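Please consult the sequence and the model shown below alongside the text.

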Amino acid sequence: MRIILASTSKNRSDLFTKMSIKFEIVSPDYEENIIESMPPVDQIQEFALGKAQSVYEQFKNEENVLIMGFDSMISFEGRSLGKPKTKKAARHQHKKASATAVVKPCLLMPATLALWKTACCAILP
């Protein structure tokens, strides 16, 4: 099975490499727009889905392909802190004692039109 990582994250790529997983990287064409009224966990699920779906067209007719989109976010008191723009901002975020980091996967298998968001399954439109 071909595994497509819909991410340009060096950390995710390194993790797959360390686990000896054979994979290909495809840069997702997806822009994350934080919605303040949406809980962070729901936002990152949507971002992971958006990344995976953004590369879907390239593989939609292929069998034995798994597209993996991921997103992560740090939240504090139920609000997203967003992606830090500098190393100083990143250190500040990590120092917040009650901040929570969450990572969500989204897995797409184009030929079967299967979509997994964490543990649930749905059919793609």
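A residue is called buried if its relative accessible area is under 20%, exposed if that area is over 50%, and partly exposed in between, with a 1.4 Å probe and protein chains only. By this criterion, 37% of the 125 residues of the chain are buried. The model is predicted: local features need pLDDT of at least 70 and side-chain atom pairs count only at pLDDT 80 or more, while totals for chains, interfaces and linings use all residues. Residues are numbered from 1 along each chain as its sequence is written, and side-chain values use heavy atoms, with hydrogens and water left out.

**Overall architecture**

- The chain contains three helices and seven strands; helices (H or I, at least four residues) and strands (E, at least two) are DSSP runs numbered from the N terminus.
- Along the sequence, these elements follow the pattern β-α-β-α-β-β-α-β-β-β.
- Contact is defined as heavy atoms within 4.5 Å. Among the contacts in the chain with a separation of 6 or more, 57% are between residues 24 or more positions apart.
- The chain exposes about 8000 Å², of which carbon and sulfur atoms supply 55%; accessible areas come from the Shrake-Rupley method with a 1.4 Å probe, and for residues only the protein chains shown count as cover.

- Strand β1 (residues 2-5) and strand β2 (residues 24-25) run parallel and are joined by two bridges; strands pair if DSSP finds at least two bridges between them.
- Within this pairing, Ile4 stands opposite Glu24 of β2.
- Together, β1, α1 and β2 form a right-handed β-α-β unit. Right-handed here means that, with the strands pointing away from the viewer, the path from the first strand over the helix to the second runs clockwise.
- In helix α1, the buried residues are Arg12, Ser13 and Phe16. They line one face of the helix, because they fall within an arc of 100° when seen down the axis of α1; the arc is that of the directions from the helix axis to the C-beta atoms.
- Lys10, Asn11, Thr17 and Lys18 are exposed on the other side of α1.

**Aromatic cluster**

- The structure holds three aromatic pairs. Rings of Phe, Tyr and Trp (its six-membered ring) pair if their centres lie within 6.5 Å, and planes under 30 degrees apart count as stacked, over 60 as edge-to-face and the rest as tilted.
- One of these pairs is Phe16 with Phe23, edge-to-face at 5.2 Å centre to centre and with 70° between the planes. Phe16 and Phe23 are both buried.
- Phe16 also pairs edge-to-face with Phe70, at 6.2 Å centre to centre and with 85° between the planes. This pair links distant parts of the chain, since Phe16 belongs to helix α1 (residues 10-18) and Phe70 to strand β3 (residues 65-76), 54 residues apart.
- Both Phe16 and Phe70 are buried, and ring pairs link Phe16, Phe23 and Phe70 into a cluster.

**Residues of helix α2**

- Gln43 is located in helix α2 and counts as buried, with a relative accessibility of 2%.
- With neighbours within four places in sequence left aside, Gln43 is in contact with Ile34, Ile35, Met38 and Met73.
- Gln53 also lies in helix α2 (residues 40-59); at a relative accessible area of 34%, Gln53 is partly exposed.
- The C-alpha atoms of Gln53 and Asp29 are separated by 9.2 Å, and these residues are 24 apart along the chain.

**Loop residues**

- Ser7 occupies the loop between β1 and α1 and is buried, with a relative accessible area of 6%.
- Not counting residues up to four places away in sequence, Ser7 touches Arg12, Ile25, Val26 and Pro28.
- Ser7 and Phe70 are 63 residues apart in sequence, and their C-alpha atoms are 7.2 Å apart in space.
- Most residues other than glycine have a negative phi. Ser20, which is not a glycine, has a positive phi near 55°.
- Ser20 is in the loop between α1 and β2 and is exposed, at a relative accessible area of 69%.
- Asn64 likewise has a positive phi, of about 60°, although it is not a glycine.
- Asn64 is placed in the loop between α2 and β3, where a relative accessible area of 52% makes Asn64 exposed.
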